[in-house]
Amino acid sequence: MQVSIACNVGGGGGASDHQMKERRVAMNTSNAPTCQSKVRVESSNRHTLLGHAHMKEALGRHSNMKYRNLGKSGLRVSCLGLGTWVTFGSQISDEMAESVMTVAYDSGVNLFDTAEVYASGRRSSYVVTTKIYWGGQAETERGLSRKHIIEGLRGSLSRLQLDYVDIVFANRSDINAPMEEVVRAMTFVIDQGMAMYWGTSRWNAVEIMEAYSVARQFNLVPPVCEQAEYHYFQRDKVELHLPELYHKIGVGAMTWSPLACGLLTGKYNEGVPESSRAAMKGSVWLKERLSSDEGKKQLSKIKELHLLADRLKCTAAQLAIAWCLRSEGVSSVLLGVSNTEQLLENLGSIRVLTQLTPPLIAEMDALLGNRPRNGKKEARRS
């Protein structure tokens, strides 16, 4: 099987969003497993995972990967996906990118975020997503106008030799584009077969609900999921707002940065290593964050979490990723890795998930001291 990947670089935020690049990595995955879409339900005596009775979680036929529905849609995605926009664009070689993609697919990963993938005869066995917002330098080459959504996606499909993507994300909201125009344009690209679903990235709950309401009002296609940052120190949106949207309108969560740019692995406990992301030219913000008072407090908590990981006989990274997976409504957690060893370590977080019992989660909440509080629920109780 021949696979090619193009990675959107700089889509994370800040000034780098204006420096989007794309490049293609050709790779041969002749040993790739057959379609992962068939699943077997786990035995009824399996340890019940926190908050996931509604996620219809099941093991893959050919791997230990777990698969969940994307929100309340019928799309099945691996609970761990591969997010590639930073590392594939600037930190690793084409050869390493090829190895990472091969190992991920062989391990049951079927979700590749911002990596447009083509595979002759096997395209249906994995989920490909892309984002629309930042395009070229012209005023009409960015944002969420109907013109840019349609032209941007068409251009991407042509450039990357793709017939369609599975999910097209609106990569942040656009105050200059009426919501009805955005929803109509997303419905159009779906009706034209250019995408199967659409979602949002870094939208707030009010904006997502508005998009859903417009879709229902005009019989258009609503978004199926929201991409959001989520880790120990970024919790409110995923734990308070998105579960409410999941239950009300079926929008799921696809989360990114589970290791907070490597902060949670402990690599910065004794300073900034030369080869780390914080040492890169475009990551001054991360270096400043580490040296701030808040950053120092977080590093102190991370050291305590390392001791907890030792107790569970897992790595700090595995504990942090499993912690994200246990959250209600999270369909998939996107990994950002720079080599196959790191990928395999991160995939081991699935085994840790069953160890996250309510008492252990309570212990972690007490250590972190930042568990989000739902003001409405608290008011009702009082």
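1. Of the 382 residues in the protein, 53% are buried; buried here means under 20% relative accessible area, exposed means over 50%, and partly exposed lies in between (1.4 Å probe, protein chains only). Please keep in mind that this is a predicted model, in which local features need pLDDT of at least 70, side-chain atom pairs count only at pLDDT 80 or more, and totals for chains, interfaces and linings use all residues. Residues are numbered from 1 along each chain as its sequence is written, and side-chain values use heavy atoms, with hydrogens and water left out.

2. The secondary structure comes to 13 helices and 15 strands. Both are DSSP runs numbered from the N terminus, helices being H or I with at least four residues and strands being E with at least two. Among contacts in the protein with a separation of 6 or more, 70% are between residues 24 or more positions apart; a contact means heavy atoms within 4.5 Å.

3. Helix 3 covers residues 146–159 and helix 4 covers residues 179–191; they pack at an angle of about 30°, with their axes 8 Å apart. That makes helix 3 roughly parallel to helix 4. Axes are lines fitted to C-alpha atoms, for helices over the stretch in contact, and angles run from 0 to 180 degrees between N-to-C directions. Angles under 35 degrees count as roughly parallel, over 145 as roughly antiparallel, 65 to 115 as roughly perpendicular and the rest as oblique. On the helix 3 side, Arg146, Ile149, Ile150, Leu153 and Arg154 take part, and they meet Glu181, Val182, Arg184, Ala185, Met186, Phe188 and Val189 of helix 4. The residues of this contact divide into 8 nonpolar, no polar and 4 charged. In this count Ala, Val, Leu, Ile, Met, Phe, Trp, Tyr, Cys and Pro are nonpolar, Asp, Glu, Lys and Arg are charged, and the others, Gly among them, are polar.

4. Tyr164 sits in the loop between helix 3 and strand 11 (165–171). This tyrosine is buried, with a relative accessible area of 18%. Leaving aside neighbours within four places in sequence, Tyr164 is in contact with Arg123, Leu157, Gly193, Met194, Ala195 and Met196. For Met196, which is 32 residues away along the chain, the C-alpha separation from Tyr164 is 7.7 Å.

5. Helix 5 (residues 205–217) and helix 6 (residues 236–249) make another pair, packed at an angle of about 15° with axes 10 Å apart. Helix 5 is therefore roughly parallel to helix 6. From helix 5, Ala205, Ile208, Met209 and Tyr212 meet His241, Leu242, Leu245, Lys248 and Ile249 of helix 6. Here the residues divide into 7 nonpolar, 1 polar and 1 charged.

6. Which way do helix 8 and helix 12 run relative to each other, roughly parallel or roughly antiparallel? The axes of helix 8 (residues 293–312) and helix 12 (residues 358–368) come within 10 Å and cross at roughly 165°, and the two helices are therefore roughly antiparallel. Lys301, Glu304, Leu305, Leu308, Arg311 and Leu312 in helix 8 meet Leu360, Glu363, Met364, Leu367 and Leu368 in helix 12. The contact divides into 7 nonpolar, no polar and 4 charged residues.

7. Two loop residues have a positive phi without being glycine. For Arg172, phi is near 95°; this arginine lies in the loop between strand 11 and helix 4 and is partly exposed, with a relative accessible area of 21%. For Ser257, phi is about 60°. Ser257 belongs to the loop between strand 14 (252–256) and helix 7 (284–291), and this serine is buried at 15% relative accessible area.

8. How many disulfides does the count come to? The count is 0 disulfides, where a disulfide is a pair of cysteine sulfur atoms within 2.5 Å. Cys225 is buried, with a relative accessible area of 0%, and Cys261 is buried too, at 19%.
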